[in-house]
Amino acid sequence: MIKSRYLKFAFAAAVASVLATAPAARADEQFFPLQSYRVGPYAAGGTGFFGGFIDYLNLINIRDGGVNGVKLTWDEGETQYEVERGVEVYERLKGRPGVAAWNPLSVGIAYAMIDRITKDKVPLITINHGRTDSTDGRVFPYVFPLLLNPYSETSGIVNYIASREGGVDKLKDKKIVVLYHGSPYGKETIPIYKLFANKYQFSLEQIEVPHPGNEQQSQWLSIRRAKPDYVVLRGWGVMNPVALKTAQKVGFPADHIIGNVWSNSEEDVIPAGDAAKGYIAITTQASGEQYPVLQEVIKTVYGAGKGNLDDKKRIGSVYHNLGIVNGILNVEAIRIAQAKFGKRTLTGDEVRWGFEHLQLDPARVEALGAKDLFHSINVTWDNHEGDGRVTFQQWDGGKWKVVSGWIAPDWAFLRPIIEKSAAGYAKEHGIKVRTSGDEAVSN
Amino acid sequence: MSAAPSTAQLSPSAGAFVIAVGAAIAFGAVPLLGFDYLMDAVLTPFLALALAAVGLNLLTGYAGQVSLGSAAFLAVGAYATYNLHLRLPQLPLLVDLVLAGLIAAAIGIVFGLPSLRLRGFYLAVSTLAAQFFVQWALTKFGWFSNDNPSGVIDAPVLSVAGFTFTGPAGRYVFSLSVVVVATFLTLRLLRAQSGRNFIAVRDHELAAKVIGVPLLRTKLLAFGVSSFLIGIAGALWAFAYLRTVEPAGFNLDRSFQILFIIIIGGLASLRGAFLGAAFIVVFPLILSRAGAALLGGVFDSGVLEMSQRIVVGALIIAFLIAEPRGLIALWDRLWRAVTRPAAVRNT
């Protein structure tokens, strides 16, 4: 009896100490809490993205000794891409000293965090995805859908098709089919494609593929009947390779299928084998390891045995490079904020200021060793996307090859729609819309 | 050694004392001491899933009707609360919550109708219809999510009679109050004639019919009350815990999770629902944090996660072999051994 009671106490004490572990940061460290997903259906994306992010943070620590002497630290919590686990990791890691920014790479987790990070005054980075209207920094001071939001993606794809046809006026009477995943994510751009169809007078058909999308025979038969000039693939997971294989079966040419940002990775095309050859997809960051920053990661980080990817062949893959670019953007935001606030551990609100002044022109991008990896970014207090350019890559059966220049989406056309949606959110939540970047953020 | 009374029941005054101490800790000490992480990330989801498990246990454990549609009713509760709050802002939140429960109950009764003809596995499969239909409808019709382009909705502020429950402590106390009241009412229902009817239907449907138990009413009541409770749990899950909702969060995995909670916790036991929820929600967290603290430097989080799954899976098998009636039976045996060691030795 007594023994078991002691055991119970010991167990309770062990549990309590584990729950209370929060190692104090030494002076001048900046902490990145990572809600990573290395297990579960989206592990391929998670290991690539968080691997690249960690590789870049390691590069900064090893090569430069941190950002102006401030060491970068991080800790991972596994989410399996599930919202409730992401929330748990948020609650677990938010109390650590010197939290710089959150980078969940999951729309669902990001949504659940908007209220929380706004209250805690820490930036939330949703690179390439996220809530479109959070582009409006007047209403969402702490949320940054950097480089590309779903609406800009739509515009970028339309502009690319126009460039292939020889100008937007040539889009008239062309036919485009959008094949979208039957989820809120897939349906988000339906009204935007309609807007562009009206604007450029092309005919448009949008066809849904129910989740998970491993059977698309009937959809592709309708596509064959419709005889479109292009098919836009707005896919997700297993839906992508199945779409490419079924397209081959019905004889639709792969080089007239344009994938969106969630259909653009190696994992989306390799399972499709030959059927993927010629397939084209949008990206904000080119793949490959020929860029100087990637070479330094290979030499400095992997050379020191600190590389995060288990499979070195994945260095330079789409998700790995997205992680690297995400690392560059986070680190540069800290550097910019340090120039104003001092070379020390910054608060979340100070890092937000850094992100709101994250302006990297092509010359600065080149100096960072990322020329041609991504184009540029120009975040301001009210534009949290930062006018990211997109490029298009074609799968040659072994790797992605860039086949376009850097294309600018039609931001001016989309901005009023975004502002309207953001204004609705502000009204619903009683948020005071900021009127200038210098204004203190109030809740 | 004198023979101790064989019952594990506490005397009424001791029982009241235990309840009073429990209430003081749950309502007083926990929120006042302000363990934010504990409340926001552990206890609030535990309470929501425990209430859902109470609901499913009433249907499956007591009335013997297997259901795989729990997540659908969670979703109905969450979306109904959201829409009531949005479209009828003059209604107080508690009324929204009860109405949302009633809407979930109505849908539960509709999907419970096949139970009159189907049993066991066949019924379980037919409840899958609820699971897929609700998720499809919520994705298909933008109205449910107020035409939010991404289909994800934001939580309203929890407020009752002018008092707003913000902050971890507020949300926790709100959930705790709702769960305590709902569990108490369920207990009353189960101890009344309808509770005995549930058990009669479960144990021998034909015999129950012969002695005059109204089958139709009993089964539909079980579906209705169960869905009502699960609907309210869904509202808590969405608005007290996550504070956002997307239809994908209420998939079949969630239904299985709730089913596992009651099987592991113990069928036909309300305490079992809570114990099972604690095991499914809290235990993996402890394991995950212990793993990260002890071995975080050696392995990456993916490897740790995989090994935790193996540990949890092995434990579930071990528990169920040791006690097929679930954790609650194990707990009762342990409790008897602690309070009446002699009795155990003598028996």
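A residue counts as buried if 20 or more other C-beta atoms lie within 10 Å of its own, as exposed if 12 or fewer do, and as partly exposed in between, with C-beta atoms placed from the backbone. Helices (H or I, at least four residues) and strands (E, at least two) are DSSP runs, numbered from the N terminus.

This is a predicted model: local features need pLDDT of at least 70, side-chain atom pairs count only at pLDDT 80 or more, and totals for chains, interfaces and linings use all residues. Residues are numbered from 1 along each chain as its sequence is written, while chains are lettered from A and ligands numbered from 1 in the order in which they are written.

Strand β1 of chain A covers residues 29-36. Six of its eight residues are buried, so the rest of the structure largely encloses β1(A).

β1(A) pairs with strand β2 (residues 71-78) of chain A. Pairing requires at least two DSSP bridges between the strands. Here there are eight, in the parallel sense. Gln30(A) has Leu72(A) as its bridge partner in β2(A).

## Helix α2

α2(A) is mostly covered, with 16 of its 22 residues buried. Just after α2(A), Gly65(A) takes a positive phi of about 70°.

## Domains of chain A

Chain A divides into domain 1 (27-148 + 288-378 + 418-429) and domain 2 (150-283 + 393-409). These bounds come from an automatic or database domain assignment. The C-alpha centres of the two domains of chain A are 28 Å apart. Their contact (C-beta atoms, placed from the backbone, within 7 Å) takes 13 residues from domain 1 of chain A and 14 residues from domain 2 of chain A.

On the domain 1 side, α2 and α12 (318-341) of chain A are the elements that give two or more residues.

## Contact with chain B

30 residues of chain A are in contact with 25 residues of chain B. On the chain A side, the largest share, six residues, comes from α3(A).

Note on methods. Contact = placed C-beta atoms within 7 Å.
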